[in-house]
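Thanks for coming. I'll take a few minutes to walk through one structure, so please have the sequence and the picture open.

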Amino acid sequence: LQKDVPVTVTSSVGNTTYNNVIVVEEKLELEVTPGVWQDITNTIDFFGKAYYARGIGLILYEALNAAGVVQDKQELRRFRIL
């Protein structure tokens, strides 16, 4: 969805802004007949968004319902690069 954008992650340990983030939308499809795929987001009432920061990896994952409302999330709280 987006590339090289800043994203601020808010957690119990405070706010952290990550630069150079890519945002990936993850939706599921079902092969209804050979070679014909159908988006099943409305059927399962779920899709995901993953946020990856350059040099760090996954910093935020959001689980959303079909209307696009965040239902749950997983966020990076601390990291250390050696």
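Let me start with the inside. This is a predicted model, and its largest nonpolar core has ten residues: Val 5, Val 7, Val 9, Tyr 18, Val 21, Val 23, Tyr 51, Ala 53, Ile 59 and Leu 60. The elements that give two or more residues to this core are β1, β2, β5 and β6. In soluble globular proteins, nonpolar side chains tend to be buried together.

Take Val 5 from that list. Setting aside neighbours within four places in sequence, Val 5 touches Tyr 18, Asn 19, Asn 20, Val 21 and Val 23.

One of the residues involved is Ala 53, whose bridge partner in β6 is Gly 57. Ala 53 is also a member of the core I began with.

Last, the overall dimensions. The C-alpha atoms fill a box of roughly 50 × 25 × 20 Å along the principal axes. The radius of gyration is 15 Å, whereas a compact globule of 82 residues would be near 12 Å. Of the 82 residues, 26% count as buried. The accessible surface is about 5,800 Å², with 49% of it belonging to carbon and sulfur atoms.

Methods: Residues numbered from 1 in each chain as written. Predicted model: local features only at pLDDT ≥ 70, side-chain atom pairs only at ≥ 80, totals over all residues. Heavy atoms only, no water. Pairing = 2+ DSSP bridges. Helix = DSSP H or I, 4+ residues; strand = E, 2+ residues; numbered from the N terminus. Core = buried A, V, L, I, M, F, W, Y, C linked by side-chain atoms within 4.5 Å. Buried < 20%, exposed > 50% of the residue type's maximum accessible area, 1.4 Å probe, protein only. Contact = heavy atoms within 4.5 Å. Rg over C-alpha atoms; globule rule 2.2 N^0.38 Å. Areas by Shrake-Rupley, 256 points an atom, 1.4 Å probe, with all protein chains shown as cover.
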